[in-house]
Amino acid sequence: MSVSIAAIGMDDSLKIYASVGIKVVIVNDVSEVDKKIFSLSKDGCKIIYVTDHIYKNISEVLEKYAYKAYPIILPLPLDNKNEGIGMKKIEANVEKAIGINIFG
Amino acid sequence: MATRLVSPTRMELTRLKKELATAKRGHKLLKDKQDEMVRQFMDLIRRNRELRTEIESSLLDVNASFEYAKLKSNNLVLQEAIMVPSKDIVIECDSKSIMNIVVPKLNIVDSKETNITYSFAHTPSELDDAILELTSLTNKLVELAQIEKSCDMLAVEIEKTRRRVNAIEFVLIPDLEENIHFITLKLEDNERSNIIRLMKSKEIIAAKNGY
């Protein structure tokens with residue numbers, strides 16, 4: 001089964017990702033992200049990269065897909081603004097799993 | 001306490017002893033499961049951290065190159081240049097089981113070479129750099145997605161298992177042991193009362209009959 005990858009962000013600097021076959025979705029407001037993720041997931045999109053800014057504002061949406069294997073929603077500094085959300089997520093996972101952050 | 005609710009009978013004692021044996025076996029199994037999940041989690045999280053550090057710094061380079069390209073060239077020309085992908089990512093998605101947790105398994109099928117699909121005459125070289133760097137990152141991006149999701153799911157499951165292990169170790173097993181102790185004491189007490197009653201009865205009968 002062939003599937004696609006998508007990237008969701010809020011400005012057009014994301015368009016570069018279209019050059020490697022990643023579907024770029026640009027939203028004007030964080031509230032649109034839920035619908036976009038739903039429609040992307042319905043279209044068979046299995047990996048969705050979102051910008052750090054969007055990721056920290058969509059906790060309810062993430063909760064919805066947390067227990068499913070797909071789609072995989074990941075924070076990445078796609079728009080040149082690295083807020084360190086990804087690293088914090090790794091540290092939170094380590095703390096959740098072993099009770100102490102060994103990378104901190 | 002649960003102690004008050006149990007009926008002090010031999011049948012209940014046998015049932016509780018069986019339950020205690022099962023709880024101890026379950027505790028050992030869950031503890032082993034937790035240890036194995038933590039072992040696998042540690043391998044994955046290290047790789048996850050490596051990949052993320054690498055990808056985040058590369059993406060910043062890609063974005064910086066693209067910003068330069070945007071400054072040097074017309075926006076429309078750039079949009080036209082990146083309209084046709086230089087590489088199509090085709091991935092096969094499957095799932096695998098780690099200690100009974102279904103995690104995603106992704107495989108990149110397409111490993112065709114990158115074909116720059118625009119003319120070099122009107123586009124800046126920074127755009128080529130950005131696209132080539134991004135193309136070299138695609139495999140890692142997919143691997144990161146797979147590993148990070150596996151880590152998320154494992155972390156949640158490890159936390160759940162740890163709670164279960166603790167509940168069995170510190171609540172269920174002590175409660176069962178306390179109940180078993182209570183029933184044993186109560187049965188011994190009943191037995192003693194019975195013996196005393198018999199001894200008393202014997203004494204009364206003996207006194208009556210003048211022995």
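Me: Which hand does the crossing of helix 4 of chain A with helix 3 of chain B have, left or right?
Reply: Left: in this predicted model, helix 4 of chain A makes a left-handed crossing as it passes helix 3 of chain B. The contact between these two helices has six nonpolar, one polar and six charged residues.

Me: What makes helix 4 of chain A and helix 3 of chain B roughly parallel or roughly antiparallel?
Reply: Let's start with the angle. The axes of helix 4 (residues 85-98) of chain A and helix 3 (residues 125-209) of chain B cross at roughly 30° and come within 8 Å. Angles under 35 degrees count as roughly parallel, so helix 4 of chain A and helix 3 of chain B are called roughly parallel to each other.

Me: Which residues of helix 4 of chain A and helix 3 of chain B meet?
Reply: From helix 4 of chain A come A:Lys89, A:Asn93, A:Lys96, A:Ala97 and A:Ile98. Among the residues they meet in helix 3 of chain B are B:Glu148, B:Cys151, B:Asp152 and B:Arg162.

Me: What makes helix 1 of chain B roughly parallel or roughly antiparallel to helix 3 of chain B?
Reply: Here the packing angle is about 160°, and the axes of helix 1 and helix 3 of chain B are 3 Å apart. The cut-off is again over 145 degrees, so helix 1 of chain B is roughly antiparallel to helix 3 of chain B. The class count for this contact is 36 nonpolar, nine polar and 24 charged residues. The crossing of helix 1 and helix 3 of chain B is left-handed.

Me: How many residues does each chain bring to the contact?
Reply: Chain A brings 45 residues and chain B brings 57 residues. About 4,300 Å² is buried between chain A and chain B, with 66% of that area from carbon and sulfur atoms. Of the area that chain A buries against chain B, 14% comes from A:Ile16, A:Val20 and A:Lys96, more than from any other three residues.

Me: Where does A:Pro71 lie, and what kind of peptide bond joins A:Tyr70 to A:Pro71?
Reply: A:Pro71 is in the loop between helix 3 (59-65) and strand 4 of chain A. The bond joining A:Tyr70 and A:Pro71 is cis, with omega about -5°.

How values were computed
Residues are numbered from 1 along each chain as its sequence is written. Chains are lettered from A and ligands numbered from 1 in the order in which they are written. This is a predicted model: local features need pLDDT of at least 70, side-chain atom pairs count only at pLDDT 80 or more; totals for chains, interfaces and linings use all residues. Side-chain values use heavy atoms; hydrogens and water are left out. Axes are lines fitted to C-alpha atoms, for helices over the stretch in contact, and angles run from 0 to 180 degrees between N-to-C directions. Helices (H or I, at least four residues) and strands (E, at least two) are DSSP runs, numbered from the N terminus. Angles under 35 degrees count as roughly parallel, over 145 as roughly antiparallel, 65 to 115 as roughly perpendicular and the rest as oblique. A crossing is left-handed if the near helix is turned anticlockwise from the far one by less than a right angle, and right-handed if clockwise. Contact means heavy atoms within 4.5 Å. Ala, Val, Leu, Ile, Met, Phe, Trp, Tyr, Cys and Pro count as nonpolar, Asp, Glu, Lys and Arg as charged, and the others, Gly among them, as polar. Buried area is the accessible area (1.4 Å probe) that two parts lose on being put together, summed over both.
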